[in-house]
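Morning, everyone. Please bring up the sequence and the structure, and keep both in view while I talk.

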Amino acid sequence: EGEVRNVQNSARRGREEAATAGSGRNGGIRTMAEVQRLLQSHLDRMRQEHQAANERLKTSEARLITARSSVLGQEAAMSDSQARYTFFQETRSYLQDLLECLDVKAPVLEDIEEDMSQARRRRSEALRKRRTNDLTDGVQAALETIGKGSKKSTELDEFGRDPSMQRDRRMKARAERRQSTGERRRRMKGGAQEAPIGGREAIVEEMWTSDESDSEVAEWRKVRSELVHQADDLFSDVRREFRDLKAIQSRMMQWRARFPKSYREAWVAMSLPRLLAPHVRKETIGWEPLDGGQTLESLQWISDLFAADDGAEDDDIIPSLVKEVICPKISQAIRNDWDPSSAGATARAVALLNDVLVFILDAAPDSARALCEEVPMALGVELDRCTAAMQLFLREKESDGDLPARPVFNVARASFVRCCKLVKNAAAWRDVVSPASLQEFVFDNVCRRHLTPFLRALKAKHPSDALDLARLLRESIPGEWQERPGMRAIDDLCS
């Protein structure tokens, strides 16, 4: 309407000027030149107004295009907002259902874990008790040989039984078990015998029987299988998207791929390990880290998380799970299941701890330090068990003023060999545990306090035996430790 009014006004002014053009100032008629100039002026003004009208038209068309684009953008944004709203509502419902599921299942899973932990603890305590009984039997047999053993009791218990006869029967049963264990070991090794030390007779270690009987192994496997089956059945009534770790991880990765900003703002990467921890615990209930089975990296849950983890913000998920779930299991295994005097068990323990440290050394240095500190403590406990017979040897020497009889010496020598194995296995940890703490254990605790006093006492009357054992001790110490000040006493005994 404005444009129409402008054109009408312009036309009216043109008619007025044209009417005026035909008359002079005093009512006279103008010249042709003046009429032409007036018409030209009017034409120029009409062109300018036409150009301005065209520019306004273009501006209006541009605004119309912008408005249409804005409408389309708002429609697309509304569609995206709807999709975003739908996704987050579904994710919220999914997480609520998952948390409700875990609230119900987690306490039951903890009970199953506790049952498995107690079963492992009973098994390890039985093995430690067996080793202690074997040591006691060896010492008792040696003392009885020289007439210093415990005398037969003439008193009967409340049921009329002779306690000494019961003790003798238990010792006989343990001796038979040790014999069957030795035969089974020889069959497994193809009949190979242990090589003599220093050209002398082989040291018999019948007093140490860490192997379990076939019935004990079968009972342990039965208990373990039942608990693993209970853990698997615990989630059998749950849909796959809630019971499968890979499905949960995939759901969170969809969130990260579609809405990375909100994923970071919700701190999902920090919360996800605790969300996945119950499923990792379920999968590792039956895991035996020191029994030569699956390594840490071969576990299925680690493979699944490795396959799904392609973002820098999720780099801490696996280390966090290793810290929260795996480290307590490794700590318990080193404390209760690891035999520090066994080369095979030590090699598996070293490899296992190396695998764990790859994940937690940078992410959780305190947990890594606590794990490494378990090793010297376990070595110290084993040292006290190994040196009991040598302490008996030294006490007998002090009481009689002379070296004990040969049976006592044989028991002490078997303990000495066990300590040498302990030294060698302690050195196997030098690339994992602090070498300073290992050297302190070897030279201060083992050699200075136990082995060198035994060797000095033995050298006085049996220099050949002392030399053989001193050389065995030196061979057990790694070459890079040979320059330690504590080696001087051992080298003197070897000369």
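At the start of helix 11, which backbone nitrogen does a side-chain oxygen of Ser 342 reach? The backbone nitrogen of Ala 345, to within 3.2 Å. I'll come back to that helix.

First, the ground rules. This is a predicted model, where local features need pLDDT of at least 70, side-chain atom pairs count only at pLDDT 80 or more, and totals for chains, interfaces and linings use all residues. Residues are numbered from 1 along each chain as its sequence is written, and side-chain values use heavy atoms, with hydrogens and water left out.

Now the overview. The chain has 17 helices and zero strands. Both are DSSP runs, numbered from the N terminus: helices are H or I with at least four residues, strands are E with at least two. Of the 495 residues, 40% count as buried. Buried means under 20% relative accessible area, exposed means over 50%, and partly exposed is in between, with a 1.4 Å probe and protein chains only. Take the contacts with a separation of 6 or more: 74% of them join residues 24 or more positions apart. A contact means heavy atoms within 4.5 Å.

Back to helix 11. Helix 11 has 18 residues and reaches 26 Å from first C-alpha to last, close to the 26 Å expected at 1.5 Å a residue. The expected span is 1.5 Å times one less than the number of residues. Its buried residues include Ala 345, Ala 349, Leu 353 and Ile 360. An α-helix has 3.6 residues a turn, so residues three or four places apart point the same way.

Ser 341 sits in the loop between helix 10 (317-337) and helix 11 (343-360). Is Ser 341 buried or exposed? Buried, because its relative accessible area is 5%. Its side chain makes a polar contact of 3.1 Å with that of Glu 382, and another of 3.3 Å with the side chain of Arg 418. A polar contact is a pair of N or O atoms within 3.5 Å; within protein, one must be able to donate a hydrogen and the other to accept it, and residues adjacent in sequence count only if both atoms are side-chain atoms. Leaving out residues up to four places away in sequence, Ser 341 also touches Cys 386, Lys 421, Leu 422 and Asn 425, among others.

Next, the core. The largest nonpolar core has 101 residues, and Trp 301, Trp 338, Leu 353, Ile 360 and Trp 429 touch the most other members. Such a core is a set of buried Ala, Val, Leu, Ile, Met, Phe, Trp, Tyr and Cys residues joined through side-chain atoms within 4.5 Å. Beyond four places in sequence, the contacts of Trp 338 include Leu 290, Ala 345, Ala 349 and Trp 429.

Now a contrast. Trp 267 lies in the loop between helix 7 and helix 8. Trp 267 counts as exposed because its relative accessible area is 57%. Its phi is near 55 degrees, a positive value in a residue other than glycine. Most residues other than glycine have a negative phi.

Last stop, helix 16 (residues 463-476), where Ala 466 lies. Ala 466 counts as buried, because its relative accessibility is 4%. Leu 455 is eleven residues from Ala 466 in sequence, yet their C-alpha atoms are 5.5 Å apart. Ala 466 touches Leu 455, Leu 458 and Lys 459, not counting residues up to four places away in sequence.

That's my tour. Thanks.
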